[in-house]
Amino acid sequence: MTDPAFQKCINPDCGAEFDCGQTLFKCPQCGELLDIRYNWDKIEVPDELREFAKRWANRTRPLDFSGVWRFRELLPFCEDEYKVTIGEGQTILQQNDAVGEYADMQPGCLCLQYEGLNPSGSFKDNGMAAAFSHAKMVGAKSCACASTGNTSASMALYAHSCGLKATVFIGSGRIAFGKLSQGIDYGAQTIQILGDFDDCMRQVQNVCSELGLYLLNSLNPFRLEGQKTIMYRIIEGLGWDVPDWIVVPGGNLGNSSAFGKAFGELKQLGLIERIPRMAIINATGADTLTNLVNNKNLLWNDGRVNQATIAEYYADLTARSFSPHTCASAIEIARPVNLKKCLRSIDICDGVVRAVTDEDICDAKAIIGRYGLGCEPASAATIAGLRHLRAEGVIGRGERVACVLTGHPLKDPNVTVNYHKEKQGQFSNPPVEAPNDFDAIVKLIK
Ligand SMILES: [Zn+2]
């Protein structure tokens, strides 16, 4: 392709290329995932990342205000006239020594990237800004997604700002209340399927191809382009420096896929000198990546991933009627769509994978709530995972770590309330009952 941006199949034995005007989501020739690729010599990219800081001076302009489009030269797949923004990406990187101490990090070494501060309360808005821009570019009228919750909330919000009809597929009873309330409130048609996320994923793909709906799952390569900007903002938050480690929850593996791609491209462009390492954290009740990478030695292998290993693993899941279970509903996924791209990121970032229990997740979440701005359960897997990697000595006490907190604490109030009220963990802070009596109340507070 001679276009500045194009789509390319990640399978090196296929390598089919398509222009960005097409809506595909999977390679029509071999069924593999598609990537957005760039001919960088045809694109004007700033010489230094700190050049992007100048955009702050123009923040009355929506594209310069957006935490995604401020970095538009690094995801240059569409013209400005199609770009969609609702003010996403105004997120912060907070140094948090108290949470760092819990994870056994030296003061000054742990930073938390709060993606819950996005308009719909999760990191998904980064990807939706990019994907809806593509949807507008191709003239889509209607869109759909399968969702554990955050995707549906984000998609519903963006669909309205672009005038698209939105349909959400969710697993019956498998969605956090806060997230379900958002999709409905933002006006999306919500279809609850009797099944889990993986069932919804299969259905939505079939429905989208039958009805010609624009698919907004992380299978959509344009979404991952938007999610790359989370890494640019971490670098920005560190004064345009690169951390030693990125820690990210692993669910459908869109974030880890996007982050590795971001760093690979920045290195290729000479905008960073070194690539940070990446730790991807599963929940033990949804640990496909951990099993495949750590136990079955699955590797990127220059794109020639051992398909038989994956097929055998999934066949075993089917034979056992395995359904993933974790309180971290956002990462309750057994067949991650972006598995192969994630393997590529592990290769690029010399990554490691770990799984943490729901107990560890809830304790870490309570600490992030007490000393930070709070987060949803899946996000807390990062701190729980970091703690494990510190105990193992994989991450050094004085290394600089950025944990990506993907969603807002109000996304899943049930997990929070149950943890504290039912005294489920060592950091539970249950409400105290008091009689309607002044003296008794004063005595309790003293
Ligand atoms: Zn292909």
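Predicted model: local features only at pLDDT ≥ 70, side-chain atom pairs only at ≥ 80, totals over all residues.
## Ground rules

Local features here need pLDDT of at least 70 and side-chain atom pairs count only at pLDDT 80 or more, while totals for chains, interfaces and linings use all residues. Numbering runs from 1 along each chain as its sequence is written, and side-chain values use heavy atoms, with hydrogens and water left out.

## The largest pocket

The largest pocket comes in at about 450 Å³ (the space filled by probe spheres set on its grid points, joined across faces, edges and corners). Of its 17 lining residues, Lys26, Tyr314, Arg335, Pro336 and Val337 are the closest to the centre. A pocket is an open set of points on a 1 Å grid over the protein atoms alone, where a 1.4 Å probe fits, with protein on both sides within 12 Å along at least five of seven lines; lining residues have an atom within 4 Å of a point.

Helix α6 (197–211) gives at least two lining residues, and so do α11 (307–319) and α12 (339–348); helices are DSSP runs of H or I, at least four residues, numbered from the N terminus. The largest share, 4 residues, belongs to α6.

## A helix tucked inside

Helix α8 (residues 229–237) is largely enclosed by the rest of the structure, because 8 of its 9 residues are buried (under 20% relative accessible area, 1.4 Å probe, protein chains only). Among the buried ones are Met231, Tyr232, Arg233 and Glu236. Just past α8, Gly239 adopts a positive phi of about 70 degrees.

Technical notes
Buried < 20%, exposed > 50% of the residue type's maximum accessible area, 1.4 Å probe, protein only.
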